[in-house]
Amino acid sequence: MSLTLTTTEQGPGWPRWRRALYYHAAFYRQTWRASVISAFLFPILYLTSMGLGVGKLVNAHTGTVAGLSYLQFIAPALLAVAAMQLGENEAMWPVLGAVKWVRTYHAAVATPLEPEDVVTGKVAWVGIRLFMTGVVYAAIIAVFGAVVSWWGILLPLVAVLTGLAFVTPLMAYSLTLESDTSFTMIYRFLIVPMFLFSATFYPVSVYPPQLRWIVELMPLYHGVALARASAYGTGQLLAIVFHVVVLGSLVVVGLVLSRRNMRRRLVS
Amino acid sequence: MSEVTPLVRARRLVKSFGSFRAVDGIDFEVDRGESFGFLGPNGAGKTSTMRMVSAVSRPDSGDLSIFGLDPRVDGPKIRARIGVVPQEDTLELELSVMDNLLMFGRYFDLPKKTIRERADELLDFAQLTERAKDKCDDLSGGMKRRLTIARSLLNHPELLILDEPTTGLDPQARHLLWDRLYRLKHSGVTLVITTHYMDEAEQLCDRLVVMDKGLIVAEGPPRRLIEEHSTREVLELRFGIGESAQFEGALAPLADRLEVLPDRILLYVHDGDAALAAVHGAGLTPVSALVRRSTLEDVFLRLTGRTLVD
């Protein structure tokens, strides 16, 4: 039982970040079942309860919301919410775990991978998950009759952009932590309020004009607005560009900070 | 690579964390095919040194070359030829033993087929073939350690770096692991090992450096270090609790050197049995007496005035 160590053979020639992406995909292939069920269950439960149940009351009292049934109004917003939730979930415990407890990332940078490759691979992987989730959601809300325009084909991309706007900044933050105690606070005081107040369940016009700027500070608001524009094929070009720029800036700034923090954390 | 170039060459290597100098200007060379050790207590700077030699963390100052390359420039290239066994296992506990290997192999851009072949071969080497499909979490500590070593060999490294490879393992698991490391050494892999166990250093290392407080305090083959810094034998005497100090004066003339530890007195002598006879002849009656060969522990005690494991 001796070991013959031969010379290294030529592989597929993948760039290093793609090898990190592969690792996440291979891991997911072993553990995907639970997440797929919730990916289908959450939108169906919400659309049935809020869309059909609450919607019945709303429609009876006000007729329509901005010319749409209540279900049609909230369905695209739920896609943005799901993207946010997938994003923040992936960027908190799994990231801290990989640098603190399981030390997956430490193992990765002992190979040819650099800390920046680890970040890029992870972000690319969550991007793919967001796209898949976006496709599932778009299909479900289309079945519920909430996609009224061909622009709805862009909904998966809205999911990717909205989700990543949470992934990269939160990842940068998680990489600086020693314990997970602040995650619960983030969830309670950032994620849940955004879920409730980002014009998710009623139009932003419900708020007094002096308070609307607070809503516009919330990243989720811009994701919700884009999802609606896509599902209904409505919205002004300038406003759409603004939403994309806000979310895109968050992704880029978060990415730069994540790469810096990953290097500090793993190789200093 | 020419034969004369050492595999690893470090000059005046420094690594600080804030105001703390973990590695304080050390020089060493590791030659191809040898098994090189860093012996020292926890906090001596061994792990910080290993992280630099693994081309993971960058030295604050000094020169470091690995395979003749500069890790600041060629980090990925160097790491492609190195295997690392970290102090704490970094396995995916929810996944199977085999999946742990298959997934990790992709980091090195190896063809899938090659990874599978090597995984089979390495599981055999690590004596884990029957556990290939089991969840990693179900393995014993020694098995996890062997899997970590198998994983570190997937890229067929020229240099294998092991940080405290047997810490926390029971004696049987340690011996099994040492046997695997001998085999690796014989297949031509250069080993760099850190340990705070003097028996491990004596068993595994052709040559070692003794580290203390970020500095190298001695360097050489284990036997030579013992010859240079200690006597052939040691007589360990235990007296009643708190009595040791009062016998120091009477014992001093009987030994080359004396170490008074909290629980015992060590007499450094050429002939332990003769020394014990002399102790009895002087009318002293220790509670217990033990004659043994000098070890690296004695070298460390001599050089630093402290014990390795506290």
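Chain A has 268 residues, and a compact globule of that length would have a radius of gyration near 18 Å; chain A comes in at 21 Å, which agrees. That radius is taken over C-alpha atoms, and the globule rule is 2.2 Å times the number of residues to the power 0.38. This is a predicted model, where local features need pLDDT of at least 70, side-chain atom pairs count only at pLDDT 80 or more, and totals for chains, interfaces and linings use all residues. Residues are numbered from 1 along each chain as its sequence is written, while chains are lettered from A and ligands numbered from 1 in the order in which they are written.

**Chain A overall**
- Chain A has 11 helices and zero strands, counting DSSP runs numbered from the N terminus (helices are H or I, at least four residues; strands are E, at least two).
- Along its principal axes, the C-alpha trace of chain A spans about 80 × 35 × 35 Å.
- In chain A, 44% of the 268 residues count as buried, meaning 20 or more other C-beta atoms, placed from the backbone, lie within 10 Å of the residue's own.

**Helix α7 of chain A**
- Helix α7(A) covers residues 155-174, and 19 of its 20 residues are buried, so the rest of the structure largely encloses it.

**Nonpolar cores**
- The largest nonpolar core has 149 residues, and Leu79(A), Ala80(A), Ala150(B) and Ile161(B) have the most contacts inside it.
- Helix α3 of chain A (residues 70-91) gives this core its largest share, 15 residues.
- Such a core is a set of buried Ala, Val, Leu, Ile, Met, Phe, Trp, Tyr and Cys residues joined through C-beta atoms within 7 Å.

How values were computed:
Expected span 1.5 Å × (residues − 1). Buried ≥ 20, exposed ≤ 12 C-beta atoms within 10 Å, placed from the backbone.
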